[in-house]
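Hi,

Here is the structure I said I would pass on. Have a look at it first, and then read my notes below.

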Amino acid sequence: MKKSSLWLGAFAALAVLLVVAQAKVLINAAGATFPYPIYGKWFEEFGKADPDAQINYQSVGSGGGIRMFTDGTVDFGASDMPMTDEQLGKFKSKPLHFPTVLGGIVPTYNIPGVSQDLKFTPEALAGIYLGNIKKWNDPELTKANPGVKLPDAEIVVVHRSDGSGTSFVFTDYLSKVSPEWKSKVGASTSVSWPGGIGGKGNEGVSGVVKQTPNSIGYVELIYALQNKMAYGFIRNAAGTYLKANLESVTEAAAAAAKAMPADFRVSITNPPGKKAYPIATFTWLLIPSKIEDQGKKKAIVAFLQWMLKDGQKYAESLGYAPLPKDVVAQEEKQITLIK
């Protein structure tokens with residue numbers, strides 16, 4: 001009898017475990033590396049708040065996230081670039097864009113012997129990435145950095161090798177400040193770079209710059225902070241040199257927030273305002289407007305509500321700016337469109 005009771009108890013416990021496993025909703029997502037540090041934190045914390053839901057996120061870049069979302073291999077995507085009309089046209093039910101946080105793209109560099117924070121003009125950044133400015137002691141750089149002994153060394157240009165929302169934001173900015181860049185290269189997640197070497201993800205670019213003397217790259221602010229890398233000031237549209245931080249990125253979003261389009265697809269690079277950082281962006285979750293699986297729908301809606309309310313408090317400590325309150329209010333209304 002005792003042996004039978006033990007077997008019955010074991011079967012009962014196994015049955016309970018199977019029921020619990022079946023009850024847990026697994027959601028797969030993929031996309032931007034730009035917000036990966038905060039998304040990782042959010043999905044961990046949301047899992048604690050809602051133990052019945054688990055969100056697995058692959059940091060593959062915005063281009064990869066849009067592709068996987070379009071192919072239906074993930075439940076939702078993530079991108080630092082809004083989807084184009086052409087991309088949206090591939091869906092029967094139009095996906096919804098949900099801004100999550102704001103961040104800044106920074107020029108990070110590794111110049112042996114130079115410890116000062118450098119200042120970059122728009123002309124200098126465009127010239128470096130076009131290949132027109134080849135050395136660190138070029139006049140365009142020295143005149144903006146008086147007193148800094150810049151070396152007579154070739155600049156090693158580092159860019160993203162994968163389809164990247166970070167690249168879109170950076171090239172979108174360069175297209176606004178440089179007619180030559182706009183006509184020769186343009187803005188996209190993937191462009192034909194005039195030169196340089198590639199790194200995969202913000203992580204890859206950070207790693208290449210750290211390991212390569214006299215190099216320059218562009219990464220999301222948190223990657224420069226986490227890797228303790230030097231990053232520079234950029235002269236904005238009002239003529240002020242600014243570093244990316246909570247205040248300057250928030251200021252960049254202020255004008256856009258007041259005139260936010262209904263679908264949230266907006267660019268905020270090179271904004272007006274003395275205190276506005278010039279290479280800032282929202283980053284978006286790409287959510288289906290129709291979700292057949294009711295368990296997944298419930299979990300995704302619950303996550304969006306949690307993200308807009310509780311999730312925003314994690315932004316500042318991870319180098320991101322939280323969403324403006326009026327944008328949060330607009331997004332809360334948009335959640336009701338998910339059917």
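**Asp172 and its surroundings**

Setting aside neighbours within four places in sequence, Asp172 is in contact with Ala187, Ser267 and Thr269. One thing to keep in mind as you go through this: the model is predicted. Asp172 is part of helix 7. Is the residue buried or exposed? Asp172 has a relative accessible area of 13%, and since buried means under 20%, it counts as buried. With Thr269 there is also a polar contact, side chain to side chain, of 2.7 Å.

**Helix 9**

Helix 7 turns up again when you look at helix 9, which covers residues 201-211. The buried residues of helix 9 are Gly201, Asn202, Gly204, Val205, Ser206, Val208 and Val209. What do they pack against? On the helix side, the partners are helix 7 (165-177) and helix 10 (221-226). On the strand side, they are strand 4 (96-110), strand 6 (156-160), strand 7 (197-199) and strand 8 (215-220).

**The largest pocket**

The largest pocket holds about 360 Å³. It is lined by 17 residues, and those closest to its centre are Phe69, Gly72, Phe91, Pro288 and Lys290. Helix 3 (62-71) and helix 12 (294-309) each contribute at least two residues to that lining. Sorted by class, the lining has 7 nonpolar, 6 charged and 4 polar residues.

Cheers

Note on methods
Residues are numbered from 1 along each chain as its sequence is written. This is a predicted model: local features need pLDDT of at least 70, side-chain atom pairs count only at pLDDT 80 or more; totals for chains, interfaces and linings use all residues. Side-chain values use heavy atoms; hydrogens and water are left out. On a 1 Å grid over the protein atoms alone, a cavity is a set of points where a 1.4 Å probe fits but cannot get out, and a pocket is an open set with protein on both sides within 12 Å along at least five of seven lines; lining residues have an atom within 4 Å of a point. Grid points are joined across faces, edges and corners, and a volume is the space filled by probe spheres set on the points. Helices (H or I, at least four residues) and strands (E, at least two) are DSSP runs, numbered from the N terminus. Ala, Val, Leu, Ile, Met, Phe, Trp, Tyr, Cys and Pro count as nonpolar, Asp, Glu, Lys and Arg as charged, and the others, Gly among them, as polar. Buried means under 20% relative accessible area, exposed over 50%, partly exposed in between (1.4 Å probe, protein chains only). Contact means heavy atoms within 4.5 Å. A polar contact is a pair of N or O atoms within 3.5 Å; within protein, one must be able to donate a hydrogen and the other to accept it, and residues adjacent in sequence count only if both atoms are side-chain atoms.
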